[in-house]
Amino acid sequence: KSGINAEYGLLTLGQRSQRFQHRQVADPSKEVEITFKVYSSNVPRIIGKLGSNIQNMIAESSAEINVDKRAAENDITPVTIKGSQLNCDHAKRLIDEVCMKFNGIYKRRR
């Protein structure tokens, strides 16, 4: 049985646990900041009418989201997300969904 698993590159339960033992887990209490760029044409969709979309994303993700329209250059607008890693990842996913829904491509900056 283990030969078949090895042949197809599958890991047994014991091998999986050994493989992931050394993985670092993000500290849930540590605040992080993620900055990335979106096309300016997506900003109204991200914000929504009277800020409804962005307020929903903030409420759902529990992360602080800042779309800095004043810093926009060449049709690109920076977006900053602050919060725990988990909350920031969730907020980023929500924004990505809005951008992809309207065929906007974003660029991430570290």
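How many bridges join strand E2 to E3? Four bridges do so, and E2 (residues 64–67) and E3 run antiparallel; two strands are said to pair if DSSP finds at least two bridges between them. Within this pairing, Asn-66 has Thr-80 in E3 as its bridge partner. Strand E1 (residues 31–39) also pairs with E3 in the antiparallel sense, over nine bridges. There, Lys-37 stands opposite Pro-78 in E3. Strand E3 itself spans residues 76–84, and seven of its nine residues are buried, where buried means under 20% relative accessible area, exposed over 50%, and partly exposed in between (1.4 Å probe, protein chains only).

This is a predicted model, in which local features need pLDDT of at least 70 and side-chain atom pairs count only at pLDDT 80 or more, while totals for chains, interfaces and linings use all residues. Residues are numbered from 1 along each chain as its sequence is written, and side-chain values use heavy atoms, with hydrogens and water left out.

The protein has five helices and four strands, with helices (H or I, at least four residues) and strands (E, at least two) taken as DSSP runs numbered from the N terminus. From the N terminus on, the order of the elements is α-α-β-α-α-β-β-α-β. Of the 110 residues in the protein, 30% are buried. Among contacts (heavy atoms within 4.5 Å) between residues at least 6 apart in sequence, 66% join residues at least 24 apart.

Next comes the core. In soluble globular proteins, nonpolar side chains tend to be buried together. A nonpolar core here is a set of buried Ala, Val, Leu, Ile, Met, Phe, Trp, Tyr and Cys residues joined through side-chain atoms within 4.5 Å. The largest such core has 19 residues, of which Phe-36, Val-38, Ile-46, Ile-65, Val-79, Ile-81 and Ile-95 touch the most other members. Two or more residues each come from E1, helix H3 (43–47), helix H4 (52–61), E2, E3 and H5. Helix H5 gives the most, with six residues. Leaving aside neighbours within four places in sequence, Ile-95 is in contact with Phe-36, Val-38, Ile-46, Met-57, Ile-65, Val-79 and Ile-81.

The charged pairs follow. A salt bridge is a side-chain nitrogen of Lys or Arg within 4 Å of a carboxyl oxygen of Asp or Glu, and the count by this rule is three. In one of them, Lys-82 meets Glu-33 with the closest N and O atoms 3.7 Å apart. This pair links distant parts of the chain, since Lys-82 lies in strand E3 and Glu-33 in strand E1, 49 residues apart. Lys-82 is partly exposed, at a relative accessible area of 30%. Another salt bridge joins the side chains of Arg-70 and Asp-68 (3.9 Å, N to O). Arg-70 is exposed at 81% relative accessibility, whereas Asp-68 is partly exposed at 25%. Lys-92 and Asp-96 also form a salt bridge (2.8 Å, N to O). Both lie in helix H5 (residues 85–101), four residues apart, about one turn of the helix, and both Lys-92 and Asp-96 are buried.

Confidence remains to be considered. The average pLDDT, the predictor's confidence in each residue from 0 to 100, is 77, and 66% of the residues score at least 70. Over residues 1–13 pLDDT stays under 50, and the model has five contacts beyond four places in sequence for them. Where pLDDT is low, the predicted coordinates should not be read in detail.
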